[in-house]
Amino acid sequence: KRIVILSHGYRGSRFGTLSFMAKYLHEHQCDVLFIEHRCCGDSEGKYITCGLEERYDCVSWADYIAGRFPSLPIVIEGVSMGATTVLMASDLEMKNVRCVIADCGFTSPYEIAKSVLRRDYPRLPVGLLLPICGLFTRLYAGFGLHDASTLDAVRESRYPILFIHGTGDTFVPSEMTKEAYAACTSEKELILVDSAEHGKSYLVEKGRVEEALCRFLAAYTE
């Protein structure tokens, strides 16, 4: 009845960070496309851009699926950097895409770098270091840390969005998803899973997350 494009996390692979959901999706009348982002797994590319270029790849994947299965609605779903990717793509026109599911995405490359550095290296002068990092990403990979954010994208979102995040996430703070949810102007729903670590909301409260997924898919793809 629908096709779900699964967008994996940073340095992930097609059968990695979201493969555990494939069985549930398939049992609920979803075909699943496992993609591999640029510079991950078997995909080509030299640099990971934390969603900035991957969002346009997401449009290409949707166009590819729409060309092969023009009558089926498409869902784009991601976790971590994959969630950031689908959120950043939410203000772009994608053929046959009906909704977005984002599990523990960060708000921007700059904000996640700042958060991780302050957590792991509290004595580093992050305010000085990040502009230098941004210079290198611009010179070598062609993007800046401030080039886009999920907040900007969801303010102009074309699609309903289901936000998921675990409150025990110490890698991507759940506050980032709360910010994106607050900024989102399309139809939306927020699921916060108490104490769930990064990317583990589905495993901690499987029944609740599956119920939300089922409800969301039924509302926008049937």
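What follows is a short chat about a helix, a pocket and a serine in a predicted model.

Reader: What makes Ser201 buried rather than exposed?

Author: Buried means under 20% relative accessible area. Ser201 has a relative accessible area of 1%, so it counts as buried.

Reader: Okay, where does Ser201 lie, and which residues does it touch?

Author: Ser201 lies in helix 8, residues 201–204. Leaving out residues up to four places away in sequence, Ser201 touches Asp103, Ile164, His165, Gly166, Val193, Ala196, Lys206 and Val209. Those count as contacts because heavy atoms come within 4.5 Å.

Reader: Now helix 3. Why is helix 3 called largely enclosed by the rest of the structure?

Author: Eight of the eight residues in helix 3 (residues 81–88) are buried, so the rest of the structure largely encloses it. The buried ones are Met81, Gly82, Ala83, Thr84, Thr85, Val86, Leu87 and Met88.

Reader: And the largest pocket: how much space lies in it, and which residues lie nearest its centre?

Author: The largest pocket holds about 400 Å³ of space. Its lining has 17 residues, with Tyr10, Cys50, Pro109, Ile112 and Ala113 nearest the centre. Helix 4 gives the most, with five residues.

Reader: How do you know how the lining of the largest pocket divides into nonpolar, polar and charged?

Author: Tyr, Cys, Pro, Ile and Ala are among the types that count as nonpolar, while Asp, Glu, Lys and Arg count as charged. Sorted that way, the lining of the largest pocket has 15 nonpolar residues, two polar and no charged.

Definitions and conventions. Residues are numbered from 1 along each chain as its sequence is written. This is a predicted model: local features need pLDDT of at least 70, side-chain atom pairs count only at pLDDT 80 or more; totals for chains, interfaces and linings use all residues. Side-chain values use heavy atoms; hydrogens and water are left out. Buried means under 20% relative accessible area, exposed over 50%, partly exposed in between (1.4 Å probe, protein chains only). Helices (H or I, at least four residues) and strands (E, at least two) are DSSP runs, numbered from the N terminus. On a 1 Å grid over the protein atoms alone, a cavity is a set of points where a 1.4 Å probe fits but cannot get out, and a pocket is an open set with protein on both sides within 12 Å along at least five of seven lines; lining residues have an atom within 4 Å of a point. Grid points are joined across faces, edges and corners, and a volume is the space filled by probe spheres set on the points.
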